[in-house]
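Subject: A structure for you to explore

Hello! Here is the structure I promised to pass on to you. Please open it beside this email, and then read on for what turned up in it.

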Amino acid sequence: MKKFIKGYVKKHIPGVTIKNDHVGNLYMIKGNAETYPCIVAHLDQVQREHSKDFKAIETEDIIFGYSPKNRQREGLGADDKNGIWIALNCLEKYECMKVAFFVSEEIGCVGSRNADMGFFEDARFVIEPDRRGYEDLITNISYTSLCSDEFLKDIGFDAFGYNEEFGMMTDVLELKEKGLKVSCLNLSCGYYEPHTDHEFTVKKDLLNCLGLVEHIIENCLSVYPHENLESGYYHRYFEIDAETEIWDILSWDPEMSVEDLYEMYQTNYPRLKKEDFERIYNEYHEFNDEEELWKDMHLNKVVNTKRLWL
């Protein structure tokens with residue numbers, strides 16, 4: 001990905017300064033300005049290795065990964081190639097931009113944890129398109145606030161169909177924990193079923209995210225300072241919010257095994273151990289088994305009552 005991005009920028013976007021740091025993050029600056037809009041995305045993905053004939057298939061509405069030889073879908077890697085695509089589009093379109101691409105987000109935000117924070121000192125704000133779906137505007141992660149009320153008021157996200165939500169660990173949280181002094185966001189960018197072979201992108205949702213990002217860049221011309229005054233309560237977050245999210249995942253795919261659950265989503269919750277996944281999995285199915293038993297008992301009661309009347 002780094003080789004592709006460097007080659008693409010050198011060929012298509014002149015005047016960009018590219019630097020690497022000691023862990024492999026990429027930092028790009030275009031133009032000269034007192035302050036810059038800034039976009040970040042991550043370079044890694046979570047899927048098994050692609051077949052040699054892997055193709056990204058683009059239809060009128062969606063994009064998905066496919067192996068013609070194996071006649072099966074394979075993970076697209078839109079988490080976070082969609083974010084990379086948005087960042088490169090904006091780097092090409094605007095005269096003055098900053099972009100950072102982080103390594104190893106999926107194994108615990110290794111790149112952003114080691115980021116050069118000096119790169120962000122003249123940023124107006126930082127946006128990361130790295131969220132599944134189409135409508136989530138993440139303003140708080142792990143009880144850590146990401147942005148100011150003034151920034152939220154000025155970006156006009158309502159017109160693009162976005163809603164404020166709490167999010168999961170990603171690079172902007174690490175930047176905020178490292179002392180980022182400006183407002184930041186994580187945005188849904190149109191990918192679905194991440195970390196699986198069935199991942200796909202809905203093109204209109206991706207384009208809508210790009211539209212919001214461009215709207216922010218073009219209309220938010222001031223610096224939006226923000227310093228988080230509360231510590232991130234990691235243990236509380238991962239004991240309560242993570243369980244709710246994992247229950248949601250299981251409700252989408254109730255046939256998923258505990259092994260699949262752990263393999264696909266352990267990187268989303270790096271502070272949860274395998275036994276935590278097993279406990280949550282068992283609690284979910286125990287609850288649903290009780291629900292089904294109650295429904296069966298209720299149905300039998302209704303049927304028996306009808307028989308009595310007959």
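In which helix is Lys204 found? Lys204 is found in helix α6. Before we go further, please keep in mind that this is a predicted model.

**Around helix α6**

Let's stay with Lys204 for a moment. Its relative accessibility is 61%, so Lys204 counts as exposed, because the cut-off for that is over 50%. Along the sequence, Lys204 and Cys189 are 15 residues apart, and their C-alpha atoms are 9.7 Å apart in space.

Helix α6 covers residues 203–219, and Leu206 also has its place there. Is Leu206 buried or exposed? With a relative accessible area of 8%, Leu206 is buried, because buried means under 20%. Leu206 and Tyr191 are 15 residues apart in sequence, with 7.6 Å between their C-alpha atoms.

**The cavity**

The largest cavity holds about 230 Å³ of space. Its lining is made of 16 residues, and those that lie nearest its centre are Asp130, Met168, Met169, Tyr191 and Asn268. Sorted by class, the lining has four nonpolar, six polar and six charged residues.

Next, have a look at helix α2, which has 16 residues, numbered 78–93. From its first C-alpha to its last it reaches 22 Å, close to the 22 Å expected at 1.5 Å a residue. Its buried residues include Ala78, Gly83, Ile84, Ala87, Leu88 and Leu91.

**Two residues with positive phi**

Ser104 is not a glycine, yet its phi is positive, near 55°. You will find Ser104 in the loop between β7 (97–102) and α3 (110–113). At 22% relative accessibility, Ser104 counts as partly exposed.

Glu193 is not a glycine either, and its phi is positive at about 50°. Its place is in the loop between β13 (191–192) and β14 (200–202). With a relative accessibility of 43%, Glu193 counts as partly exposed.

**Aromatic rings**

How many aromatic pairs does a search of the whole structure find? The search finds 10. One of them is Tyr192 with Phe200: the ring centres are 5.3 Å apart and the planes lie at 15°, so the pair is stacked. Tyr262 and Phe277 make an edge-to-face pair, at 5.4 Å centre to centre and with 80° between the planes. This pair links distant parts of the chain, with Tyr262 in helix α8 (residues 258–265) and Phe277 in helix α9 (residues 274–309), 15 residues apart. Tyr262 counts as partly exposed at 23% relative accessibility, whereas Phe277 is buried, with a relative accessible area of 0%.

Ring pairs also link Tyr27, Phe119 and Phe120 into a cluster.

Finally, two loop residues to look up. Glu135 is in the loop between β8 (123–131) and β9 (136–141), and at 27% relative accessibility Glu135 counts as partly exposed. Glu135 and Tyr162 are 27 residues apart in sequence, but their C-alpha atoms are 4.2 Å apart in space.

Cys96 has its place in the loop between α2 and β7. Its relative accessibility is 21%, and Cys96 counts as partly exposed. From Cys96 to Pro37 there are 59 residues along the chain, and 7.6 Å separates their C-alpha atoms.

Enjoy looking around, and write back with any questions!

Terms used:
Residues are numbered from 1 along each chain as its sequence is written. This is a predicted model: local features need pLDDT of at least 70, side-chain atom pairs count only at pLDDT 80 or more; totals for chains, interfaces and linings use all residues. Side-chain values use heavy atoms; hydrogens and water are left out. On a 1 Å grid over the protein atoms alone, a cavity is a set of points where a 1.4 Å probe fits but cannot get out, and a pocket is an open set with protein on both sides within 12 Å along at least five of seven lines; lining residues have an atom within 4 Å of a point. Grid points are joined across faces, edges and corners, and a volume is the space filled by probe spheres set on the points. Ala, Val, Leu, Ile, Met, Phe, Trp, Tyr, Cys and Pro count as nonpolar, Asp, Glu, Lys and Arg as charged, and the others, Gly among them, as polar. Helices (H or I, at least four residues) and strands (E, at least two) are DSSP runs, numbered from the N terminus. The expected span of a helix is 1.5 Å times one less than its number of residues. Buried means under 20% relative accessible area, exposed over 50%, partly exposed in between (1.4 Å probe, protein chains only). Rings of Phe, Tyr and Trp (its six-membered ring) pair if their centres lie within 6.5 Å; planes under 30 degrees apart count as stacked, over 60 as edge-to-face and the rest as tilted.
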